[in-house]
Amino acid sequence: MMRRDRLFLAVTLTAIFSADLYFILLPKLRSVGRRSDHFCPCGSDNLTLPRHGGLATPQLSNWTSAPPLDGTTSEPTDGGSKLGRLFAHPLYNIQTPAMGPEERLLQAEQLMEYYRKKVSRWERHMKLYSEAAAVSNITVTEHEVTFDPDASWMKFHLGINRYALYSRDDPAIPQLLKDMQGMTVISADYTQDEKALKGACDCSQVVKPSGHHLKLALKMQNFAKAMFKPMRQQRDQETPENFFYFVDFQRHNAEIAAFHLDRILDFRRVPPVAGRLVNVTGEVFQVTHNEDLRAVFFTSPANNTCFFAKCLYVCKTEYAVCGGPDLLEGSLSAYLPGLSIAPRISIPNPWIRSYTFTGREEWEVNPFYCDTVKQLYPYNSGNRLLNIIDMSIFDFLISNMDRHHYEIFTKFGDEGFLLHLDNARGFGRHSQDEMSILAPLTQCCMIKRSTLLRLQLLTRPEFRLSDVMRESLKGDPLQPILTEPHLLALDRRLQKVLKTVQRCVRRLGEDEVITKDFIKSTAKPQTATETEKVR
């Protein structure tokens, strides 16, 4: 009997040891072996680039060992602009292929004809409205429309292509940001989604429709159009911890900061956004032709001019915004071309959240949810799933939990980029990192090679993300846009993104995780770049 027990014990221990060797020790040895074949693990840099030719394989042994953020690291000694050096880096000089008409969203003749007709309709409408206003003794400030085919907003629309909303060196973008800060406003109105509500307000809804959020469409004298989101929260205020993400405030400074971060990450999927002080009396009340909008203006006990969205006094979920006494800061987001000339579709995010107090979506309870997504169109081929993962990284950095849908231009089909619109619920809490936002990355364990390389680059002291963001945001007239804790939170979250990728590589291997989306880098704009699609 004793011998049988000993034999059984010996067999059991042998089986346990074999399983430990096969499932734990051997994968680690293989991982070490793969890494030692590709690079020297003793290197100190997170990323190396050859002087010529293709981009180097990312150094995976030291992804997250960025130098401390206490100022003790070596900084560039030549002074100057970190942001300028970042945009001069080879990773930011990768040329897209030569583009024909099919790669561009709009053609110049098509766009000019479209807007000439719109200007003509606008002038006829204004003539009729002025006559009616005179009969009703309504005072409306009138401005002459000057349509300029060379305006910066027109160049922005013409520059939209299959790969991004604008090119890296497009001079129209900084000019558009400058123009939005000072263009004369000739008309103010509710946005289309708020108009669609027709004043209806269902207070039983946990999540109010997007039209209930206070935002206005402003038309400029040169016929540009921008969405105005007023300041609702002070810079140093955090979202209360008991707030659900779907009832959080929309912050104008989050829209501004999101545009700058999107540009620094080289996604270029957020329309240009600039801050501006708006005179709510002279630039909204006196120029609006919407009597419903005029009706929600009032003067506060402090003698400030205020206004609110139509539903707010009924539902009491939000409150009026007030100038001081007339000036109110907010964000101006450049409008995209109209849907009639550049159709877009809105698609539910596969990782959409439950917009109820108690519900949970499948991805929140099923760690293998991505396997299901990979079987579904359009995520079973092409770059759509990789673009979703890009978007999740962007949202994690800004702490935006409200990405329930995304939009694409229909012209570019399944291979088109995703638009990162409506980022006003970002930057709510700098003290919290919501890891669930990264679910597409953690569950799918896939990332574009270009995205990974730029993220690694932004951990280096000479290109540190918080530093280049701070410098970029200084160009906005409403600076400071973000408080220092929010800027430092970007560095902390960036490290967590890289650690997530590192864990995926250790588990699955570099070839399974990192997807090549370009193979050649050049600092010479005239050289065409080849692209390679592995997945």
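**Exercises on helix packing and sheet order**

The model is predicted, with local features requiring pLDDT of at least 70 and side-chain atom pairs pLDDT 80 or more, whereas totals for chains, interfaces and linings use all residues. Residues are numbered from 1 along each chain as its sequence is written, and side-chain values use heavy atoms, without hydrogens and water.

**Exercise 1.** Classify the arrangement of H16 and H17, and describe their contact.

*Solution.* Step 1: the axes (lines fitted to C-alpha atoms over the stretch in contact, with angles from 0 to 180 degrees between N-to-C directions) of helix H16 (residues 465-473) and helix H17 (residues 484-508) come within 8 Å and cross at roughly 140°. Step 2: angles under 35 degrees count as roughly parallel, over 145 as roughly antiparallel, 65 to 115 as roughly perpendicular and the rest as oblique; H16 and H17 are therefore oblique to each other. Step 3: the contact (heavy atoms within 4.5 Å) involves Leu465, Ser466, Met469, Arg470 and Leu473 of H16, together with Glu484, Leu487, Leu488, Leu490, Asp491 and Leu494 of H17. Step 4: by class, seven residues in the contact of H16 with H17 are nonpolar, one is polar and three are charged.

**Exercise 2.** Give the strand order of the open sheet, and identify its edges.

*Solution.* Step 1: the five strands follow the order S1-S2-S3-S8-S4 with antiparallel pairing, where pairing requires at least two DSSP bridges between two strands. Step 2: strand S1 (185-190) and strand S4 (273-279) are the edge strands, each pairing on one side only. Step 3: neighbouring strands of this sheet are turned by 35° against each other on average, direction ignored. Step 4: S1 and strand S2 (residues 216-220) pair in the antiparallel sense over five bridges, and Ala217 in S2 is the bridge partner of Asp189. Step 5: helix H7 (residues 252-264) lies across strand S3 (225-230), S4 and S8, and runs at about 35° to S8.

Technical notes. Helices (H or I, at least four residues) and strands (E, at least two) are DSSP runs, numbered from the N terminus. Ala, Val, Leu, Ile, Met, Phe, Trp, Tyr, Cys and Pro count as nonpolar, Asp, Glu, Lys and Arg as charged, and the others, Gly among them, as polar.
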